[in-house]
Amino acid sequence: MPQNLDAVAVRAWCRLALDALGRAREEIDSINVYPVADGDTGTNLYLTVESASQAVDAAFTGHEPALPSLAETVRAMAHGALIGARGNSGTILSQLLRGMAQVIGGDADGRADGRGAEAGGGGPRGDADHADGRTLERALRQAADAAYQAVAHPVEGTVLTVATAAAEAAASADGDCGAVARAAYDGACAALDATPGQLAVLGRAGVVDAGGRGLVAVLGALVGALSGRTVVPTSTASAHARVEAVECEDLPGEAGEEGGPAFEVIYLLEADDTAVTRLRARLDRLGDSLVVVGGDGLWNVHVHVDDAGAAVEAGVEAGRPHRIRITHFGVGDAHTTAQPPRERAQRAIVAVVPGEGLAGLYAEAGATTVPTRVGEPPASGELVDAIRRAHAREVVLLPNDAELRHTAAAAAAQARTEGVRVALIPTRSAVQGIAALAVHEPDRRFDEDVVAMTSAAGATRYGELAVAERQSWTMAGICQAGDVLGLIDGDVAVIGSEVARTATSVLDRMLSAGGEMVTLVLGESVPDTVAEQLEKHVRETYLAVDTVVYRGGRQSALLLIGVE
């Protein structure tokens, strides 16, 4: 069956790309030496794709129970990347996605020679909600061309080179989207391997280009979305990032190590094309690493300058700049919205919590909470905002969900650039967070406090009751819609028909390995009698095991169980 691109595949691509960048984020940050060695390329790419993925999810939600069209989906992806683009590489990636959307969404002919739709250059071929291999090839070509045009002074050995190689490899492929995407990925991997020999700063450091490494991850996710298989890197560089240092005498000397501009300035800009043309020329005179992406009246501007005020003033003269972010390299963020100075607390806890009852419990313990709803996990930006609200020099971050590990890691990395010392404790459930909070001592040394909280969370097994939405295979057998599922450490262990009996079975399994304290968090729909039955069972069956019960309130799980 042909592997062609549709709205569902685009959504899967965004999610897989976000996961891939989450796993590679620290590696990419560690090899970030160009254009500025500020160690944030992986984080910036993750935040950019996160914004794109959220926009696609919103497009699907807005069309329920129907599906959005392919054109609507790719435009949402491009727009989300544009408004959420961070850093030099994130801004370029947003233009790559915009270039693809122009072809797949039917907004451009996708050819540098201007060939129109009558020559086969219009939107997706065949079914309007499916793009074939030829369309994807043209989309990758348009993406590379658009990215080159967005950068004031393109440099080889960067993500631009990798994107061009991907497009060229795609052009030589025959077949459906799966074949074209695989060829593009392989071409990108080969080009990434070659970047240390093209850019002196990479060669001296013995690393591949960080932005190009991120693009390889994104293209690998595209292959995975189309094929349904996990992509295994095809090159040493794309798998491990670091390579042998190369001789650099004959390579072009590039800025990016020392002596560059002091500030990075990024803002969204509402302006017409003529004004943006003038803005490009003015900013090019002010600094370097200039990238201006977007169109149709909305642009994302990125530049490195010594005079940040002049860069913002140029935006004001061109149109209406907003979401202005100014970063002093090595110092942190300078937000343009002035805040009255107030003394920072020494230490704070920031926790993601499901349910109003738990939010109150965590708040009473002194934590800054980030509420979450079923099916609507918080974005990294919400976690960063919560860290800022905590206004502390040291922050312990409790994600309380295994699926939030990459999101929380990106938020922690962003907060560290703002001068906050952040420790991420990988709690996978709110009950593990409760255990961590119970041993928190703000007067203890930060490292000692983090170790104690991590140990308490790690010593807490967690269970959960949920209702099956459909027939499905599980670790405990086949469940039917409406069955009560008992999960232990994330895996289905019990399938039942009644809440109290299923919870009792889960408790028995969890306590079979021992335990001193049972924590129960009841969802809004669970009656108090269930808690009473479980408390009685623990009291009569297990000696010296205490039970504590909390109400989770609205938006909480059916039942959470913790055993310490």
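**Helix packing, cores and local backbone features**

The crossing of α7 and α9 is left-handed (the near helix is turned anticlockwise from the far one by less than a right angle). On the α7 side, the contact (heavy atoms within 4.5 Å) includes Cys177, Ala181, Tyr185 and Leu192, and the residues of α9 include Gly212, Val216, Leu219 and Leu226. By class, twelve nonpolar, three polar and two charged residues take part; Ala, Val, Leu, Ile, Met, Phe, Trp, Tyr, Cys and Pro count as nonpolar, Asp, Glu, Lys and Arg as charged, and the others, Gly among them, as polar.

The model is predicted, so local features require pLDDT of at least 70 and side-chain atom pairs pLDDT 80 or more, while totals for chains, interfaces and linings use all residues. Residues are numbered from 1 along each chain as its sequence is written, and side-chain values use heavy atoms, without hydrogens and water.

The protein has 19 helices and 17 strands, taken as DSSP runs numbered from the N terminus (helices H or I, at least four residues; strands E, at least two). Of its 564 residues, 56% are buried, where buried means under 20% relative accessible area, exposed over 50%, and partly exposed in between (1.4 Å probe, protein chains only). Among contacts with a separation of 6 or more, 72% join residues 24 or more positions apart.

The largest nonpolar core has 86 residues, and Leu5, Trp13, Met77, Leu96 and Leu140 have the most contacts inside it. Such a core is a set of buried Ala, Val, Leu, Ile, Met, Phe, Trp, Tyr and Cys residues joined through side-chain atoms within 4.5 Å. Beyond residues up to four places away in sequence, Leu96 touches Ala143, Ala144, Ala147, Val159, Ala163 and Leu215. Another core, of 26 residues, lies apart and includes Ala500, Leu511, Leu522 and Val538.

Helix α16 (residues 430–438) is largely enclosed by the rest of the structure, because eight of its nine residues are buried. Among the buried residues of α16 are Val431, Gln432, Ile434 and Leu437. In helix α4 (residues 87–104), Ser89 is buried, with a relative accessible area of 13%. Apart from neighbours within four places in sequence, Ser89 is in contact with Thr41, Leu45 and Gly211.

Most residues other than glycine have a negative phi, and most peptide bonds are trans. Tyr34 and Pro35 are joined by a cis peptide bond, with omega about 0 degrees; Pro35 lies in the loop between α1 (7–30) and α2 (41–63). The bond from Glu64 to Pro65 is also cis, with omega near 5 degrees, and Pro65 is placed in the loop between α2 and α3 (70–84).

A positive phi of about 50 degrees is found at Ser289, in strand β2 (residues 287–295). Ser289 is partly exposed, with a relative accessible area of 21%. Asp296 has a positive phi near 55 degrees and lies in the loop between β2 and β3 (298–305). Asp296 is exposed, with a relative accessible area of 76%.
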